[in-house]
Amino acid sequence: MPLIVRTHRPPPPPVSPADDRYPIQVTYIDPDGVEWPWSDPTSGIIVTSVTGIGSPPASYTGIALPDGGSLAQSYTAASRQIVIGLHVFDEESQAGLLDKIDRLARALWTERAGVPAPGMLVFARPNGTVRQIEVYCTSGPEQTDTDATRNAYQVSTDYALTFTSALDPLFVDQEVVGPIVFEPPPPSGAGVPPMPPVLLKPRSSLGTTQVTNEGNGDAYPVWKLYGPGAPTVTNVTTGRSFSVEELSEGEVVTVDTRPGRQSAIDQDGNDRWGDLVKTSPRDLWVLPSGTSVLELEIANADAGAKIELTYARRWLRA
């Protein structure tokens, strides 16, 4: 009995309404850094559906109370799953279709050299902002599409891919904020800067040191601390603080506060985690959504001492 072959018609490009609204564009970056533009009909791979890009599921723990209530202990974002439907086609060549499927299988296999290697889902909004999330593909590449089975992969096939978030279940801006530079005020006259500790202020501010995180999720700062001096970084709003033991002239320590990536590395690549003064990893504090009042100072500061702050905004949804 001959195989049934359908005449393929790729999905038409989305029509823009009169008020110039456009769909969110989806790109996948595989573990090898190859970009797959899944919203481009000319690529031969087109998104047909996306779910799971709203707010993440919440992980809640609490203590039951005698009256039936619950005393909350924690409320955090849990790992999310994103399900994406793909239509893969090649009207000109069956060999081209099979090659595309082979390459896609490798791209969706999120492991390299025996080690988990996440890909990246990237969602571009019409206003030009881009949010992304690291993911592992956990199901879907070995699909059982009825049409593809009937025509034996002559023209097209469909996928229903499930991605699981990696270290962070929230979406992160592709572009970072900063660096915001904090440095001692210039001396009032000839001679050395003010006596320690020196309170640092951003170059663009003469008032209270504040930083506003415009994302709707907590942001994790990355600090570059320049010697000479002993820097202390405090978020007055949250009450968290950490410091670094005294740095000599020319020393620079980068402190990354992101969960799963927390580290302190100097300009030569040496581990300086042991030089952090803190009571717990939580003291490597976050920037909550909204405005935080900061107090940054360097004891025994001298010329060249400063602090730089960068962070990426995080979002509950794409």
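Student: Why is R313 called buried in this predicted model?

Tutor: The relative accessible area of R313 is 18%. Buried means under 20%, so R313 is assigned to that class.

Student: What makes the contact of R313 and E214 a salt bridge?

Tutor: The side chains of R313 and E214 meet at 3.4 Å, N to O. The cut-off is a side-chain nitrogen of Lys or Arg within 4 Å of a carboxyl oxygen of Asp or Glu; the pair therefore qualifies as a salt bridge. The pair links distant parts of the chain, 99 residues apart: R313 lies in the loop between β23 and β24, and E214 in the loop between β15 and β16.

Student: Is E214 buried or exposed, and how do you know?

Tutor: E214 has a relative accessible area of 58%. Exposed means over 50%, so E214 is exposed.

Student: What makes D283 and R240 a salt bridge, and which parts of the chain does the pair link?

Tutor: Their side chains meet at 3.0 Å, N to O, and the limit is 4 Å. D283 is in the loop between β21 and β22, whereas R240 is in strand β18, 43 residues apart.

Student: Why do D283 and R240 fall into the classes they do?

Tutor: D283 has 6% relative accessibility, which is under 20%, so D283 counts as buried.

Student: Which residues of α1 are buried, and why are they said to be on the same side?

Tutor: L97, K100, I101, L104, A107 and L108 are buried in α1. They cover an arc of only 120° around the axis, which puts them on the same side of α1. On the other side, A95 and D102 are exposed.

Student: Why is L71 called partly exposed?

Tutor: L71, in strand β5, has a relative accessible area of 45%. This value lies between 20% and 50%, so L71 is partly exposed. Together with I63 and L65, L71 makes a nonpolar surface patch of about 250 Å².

Notes
Residues numbered from 1 in each chain as written. Predicted model: local features only at pLDDT ≥ 70, side-chain atom pairs only at ≥ 80, totals over all residues. Heavy atoms only, no water. Patch = residues over 30% accessible without salt bridge, like charges linked within 9 Å, V, L, I, M, F, W, Y side chains within 5 Å. Areas by Shrake-Rupley, 256 points an atom, 1.4 Å probe, with all protein chains shown as cover. Helix = DSSP H or I, 4+ residues; strand = E, 2+ residues; numbered from the N terminus. Buried < 20%, exposed > 50% of the residue type's maximum accessible area, 1.4 Å probe, protein only. Arc of directions from axis to C-beta.
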